[in-house]
Amino acid sequence: MSSEISLTAVIGIGLIAAMLSVLLRQYKPEFALLTALAATVLIFTMIAGWIMPAAQRIRELLNQSPILSESAATLLKAVGICFLTQLACDLCRDAGENAIASRVETAGKTAILLISLPLFEQVLELVLVLMRT
């Protein structure tokens, strides 16, 4: 029940902030962006409260297997990068800076590629071992 109420609150905050942003954009565009930023931070804080217990439980389960633990850590980092990159891109687009949003997306994709390189190496090593046998 608590997550349903929290989800309702997030939806309500989002809708109110969107309507307020639309109204403010007509008269004071800079306040519209600040409204969107404030709503984003508030909603992201609420969502972080939901994600942390789930991430902790996943870590506990995966720590039981050292082989999966490294892969899971990489996966969780990639998910975090995706969330943060999407947040930054959306804020850039709200500010009308599509070119900057595209560069932030590129940076996020590059970061995910870099953190996943050890996994690619492990898969390649496994394939080579299987081919030799």
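Colleague: Let us start with the second largest pocket: how does its lining divide by class?
Modeller: Please note that this is a predicted model. The lining of the second largest pocket has eleven nonpolar residues, one polar and two charged.

Colleague: And how much space lies in that pocket?
Modeller: The second largest pocket holds about 370 Å³. It is lined by 14 residues, and those closest to its centre are Ile 51, Leu 76, Val 79, Gly 80 and Phe 83.

Colleague: Which element gives the largest share of that lining?
Modeller: Helix 2 does, with eight residues.

Colleague: What about the largest pocket, then; how much space is there?
Modeller: About 480 Å³. Its lining comprises 22 residues, and Ala 36, Thr 40, Leu 87, Asp 90 and Asp 94 are the closest to the centre. Helix 2 again gives the largest share, here ten residues, while helix 1, helix 2 and helix 3 each contribute at least two. By class, 15 are nonpolar, four polar and three charged.

Colleague: Changing topic: where does helix 4 bend?
Modeller: At Ser 116, by about 45 degrees, and Pro 118 follows within four residues. Ser 116 is also buried, as are Ala 101 and Gly 108 in that helix.

Definitions and conventions: Residues numbered from 1 in each chain as written. Predicted model: local features only at pLDDT ≥ 70, side-chain atom pairs only at ≥ 80, totals over all residues. Heavy atoms only, no water. Bend = angle between axes of the 7 residues up to and from the residue. Buried < 20%, exposed > 50% of the residue type's maximum accessible area, 1.4 Å probe, protein only. 1 Å grid on protein atoms, 1.4 Å probe; cavity = no way out; pocket = protein on both sides within 12 Å on 5 of 7 lines; lining within 4 Å. Points joined across faces, edges and corners; volume = space filled by probe spheres on them. Nonpolar A, V, L, I, M, F, W, Y, C, P; charged D, E, K, R; others polar.
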